[in-house]
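Good morning, and thank you for making time for this presentation.

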Amino acid sequence: MTNDDAQQPAPGRGMVLAALARAERKVFTRPAPKSAKAQMKFLLMRAKGSTKALAERLGVSRRTVERYRAGSLTTPQKRLRAALVEETESEWQPQVRAQVREQASTTSGMMVDVTAHFGFVGKGSSDDGRERSITTSS
């Protein structure tokens, strides 16, 4: 069997979890903090004031976290900006997020759409593997 005949790997679990996180973010009742200082302040509160823990989480130095908290730095670099947005939104309004999950599991459910490679390796036959899209509500 050659590399061309090998089946494509199924989408990773991370992609599914990322899609669920995006859906949860759409139901926030208040907007998440936008400025770097406000995001740092919020994340420090969630980290119980530990600049060391927050710095490790964001992949920056402890002093950088302190500078953003003090307001002496205001414009983060691309990587830090993305990390701040991701971490802030993942921690924002956990009770609202829990209510949405509870509602989806008990009442309306959710729609799942998966694209995968199905079939056998048989050149020219109807059993050739093809990408299929499956949509189902749970």
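Leaving aside its neighbours within four places in sequence, which residues is T64 in contact with? They are L73 and L80, where contact means heavy atoms within 4.5 Å.

Before I go further, a word on the basis of these values. This is a predicted model, in which local features need pLDDT of at least 70, side-chain atom pairs count only at pLDDT 80 or more, and totals for chains, interfaces and linings use all residues. Residues are numbered from 1 along each chain as its sequence is written, and side-chain values use heavy atoms, with hydrogens and water left out.

Let me return to T64. This residue belongs to helix 4, residues 62-70; helices (H or I, at least four residues) and strands (E, at least two) are DSSP runs, numbered from the N terminus. T64 has a relative accessible area of 16% and is therefore buried; buried means under 20% relative accessible area, exposed over 50%, and partly exposed in between, with a 1.4 Å probe and protein chains only. The side chain of T64 also makes a polar contact of 2.8 Å with that of S61. A polar contact is a pair of N or O atoms within 3.5 Å; within protein, one must be able to donate a hydrogen and the other to accept it, and residues adjacent in sequence count only if both atoms are side-chain atoms.

Now the chain as a whole. The protein chain has six helices and two strands, and along the sequence they follow the pattern α-α-α-α-α-α-β-β. Of its 138 residues, 23% count as buried. Among contacts between residues at least 6 apart in sequence, 50% join residues at least 24 apart.

I turn next to helix 2. Its buried residues are A36, Q39, M40, F42, L43 and L44, and their cover includes helix 3, helix 4 and helix 5. After helix 2 comes K48, whose phi is positive, near 60 degrees. In helix 3, residues 51-58, we find T51, which is buried at a relative accessible area of 6%. Beyond four places in sequence, T51 is in contact with L44, R62, V65, E66 and R69.

How many aromatic pairs are there? Rings of Phe, Tyr and Trp (its six-membered ring) pair if their centres lie within 6.5 Å; planes under 30 degrees apart count as stacked, over 60 as edge-to-face and the rest as tilted. By this rule there is one aromatic pair. The rings of F42 and W92 have centres 5.1 Å apart and planes at 70 degrees, so this pair is edge-to-face. Because F42 lies in helix 2 and W92 in the loop between helix 5 (78-91) and helix 6 (94-108), the pair ties together parts that are 50 residues apart in sequence. F42 is buried at 11% relative accessibility, and W92 is buried at 9%.

Finally, V112. This residue lies in strand 1, residues 111-118. Is V112 buried or partly exposed? At 32% relative accessibility, V112 counts as partly exposed. Not counting residues up to four places away in sequence, V112 touches I134, T135 and T136. The C-alpha atoms of V112 and V16 are separated by 9.3 Å, although these residues are 96 residues apart along the chain.
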